[in-house]
Amino acid sequence: MKKLRLFTPGPAMVPEDVMLAMAHPIDHHRTADFRAMLKDVTEHLQYLFGTSATCLTITGSGTAAAESAIVSCLPKGHKALVCRAGKFGERWGKICDAFNIANTKYELDWGHGFKGEGVAKMLDENPDIDTVIVTHSETSTAAVSDVQAIAKLTRSRDILLVVDGITAVGAIPVKMDDWGIDVLITGSQKALMLPPGLGFVAVSDRAWTRIDSGTMPVFYGNLKAYRKSMDNFDTPYTPANVMIRGAQVALHRIKEEGLESVWKRTAMCARATREAAVAIGMKVYAKDPVDSVTAMWVPDGIDEPKLRKTMRGEHGMQIAGGQDHIKGKVIRIGHMGYLDRFDAIGVISALELTLAELGHKFESGSGVAAAQRVFAEA
Ligand SMILES: *Cc1c(COP(=O)(O)O)cnc(C)c1O
């Protein structure tokens, strides 16, 4: 027997009670029952995002939610600073270009996170910029940006801050209202313990003022329509109601465990993985490593596709590879959502078995021991 375990940074593992909730007979969405469910989901989303702002549930993947937010917040006459140091930062730049949104690209080497000082310098040099788009946890490089510092800056300058929190929300500390984030986005298949298919956007009053000040060539992703329906806890178009039922259970799980405990659990799994990597002679890729996912260099002489194929084929452990210029050079292991210390230790064990089989020289068991030590000391 082989058990499939997902350690990819999305999709990620889904708890059994969430799966069961989604097996409930299909209901209609224009009903009081659905509205009560969406109301409950919305309130729990506010807890998750740390906000009293409007939280919208959009049917579509995280990119759909991000596109809706970016396009709605940047009517003609506005200009974005797009922070790009990986695949997702690059994607938000592409969305701006696709909609003819004026934007300046701020690029860092992959593996680095954006800091307050760097963003401040870009804003000083480009006084026409009035919107910053940043990816909190850049999943493609497993690097974290200092969103708290960036938010402090954008608040003081009256600049709108749009944050891709797709592998941050529900994984690492993100506090929308405390920090002063204007728009915060996430997706269902990362830390939210759901299958792919839903995007979530929280929109502050400051952002609504901007959105209401203009119009954009957007229909399905027009946030104004979602806000209007949300007055009655409804959606403008047919929602993925089966997923929303699952979201209700997943969000209740997060509330029950407590967000702080979720962050701590995720951080511990990340630390254990980083220490295990070093112990078995693998270097962590990111200069500013995030706790939701770890990217690590594949040792010299090891065939990366073969490594992942063996991990899945022999051990049932699905991990991710690298993208673009780091394809074939790194592997990525997720720590988000429905996984515990034994999952984290288990994937390291499988990685050790695989590396040994492929000829990497290291002390067998040293990664597992390093990971266990992290949990034992906590
Ligand atoms: C997964 C991911 C996305 C894209 O989300 P989709 O659901 O695949 O559209 C965007 N940003 C980050 C940081 C992600 O991890």
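Buried means under 20% relative accessible area, exposed over 50%, and partly exposed in between (1.4 Å probe, protein chains only). The model is predicted, so local features need pLDDT of at least 70 and side-chain atom pairs count only at pLDDT 80 or more, while totals for chains, interfaces and linings use all residues. Residues are numbered from 1 along each chain as its sequence is written, and side-chain values use heavy atoms, with hydrogens and water left out.

Select Glu 304 and Arg 308. Their closest N and O atoms are 2.4 Å apart, a salt bridge (a side-chain nitrogen of Lys or Arg within 4 Å of a carboxyl oxygen of Asp or Glu). Both sit in helix α12 (residues 304-315), 4 residues apart, which means a separation of about one helical turn. Helices (H or I, at least four residues) and strands (E, at least two) are DSSP runs, numbered from the N terminus. Glu 304 is buried at 2%; Arg 308 is partly exposed at 27%.

Next, select Arg 155, Asp 158, Asp 182 and Arg 206, which salt bridges with shared partners join into one network. Within it, Arg 206 and Asp 182 meet at 2.8 Å, N to O. Asp 182 is buried, at 0% relative accessible area, whereas Arg 206 is partly exposed at 24%.

Move to Lys 79 and Asp 128, a salt bridge at 3.0 Å. Lys 79 belongs to strand β3 (residues 79-84), and Asp 128 to the loop between α5 (116-125) and β5 (131-135), 49 residues away.

Finally, select the cysteines. How many disulfides (cysteine sulfur pairs within 2.5 Å) are there? The search of the whole structure finds 0. For Cys 55, the nearest cysteine sulfur is that of Cys 73, 14 Å away.

Technical notes: Disulfide = S-S within 2.5 Å.
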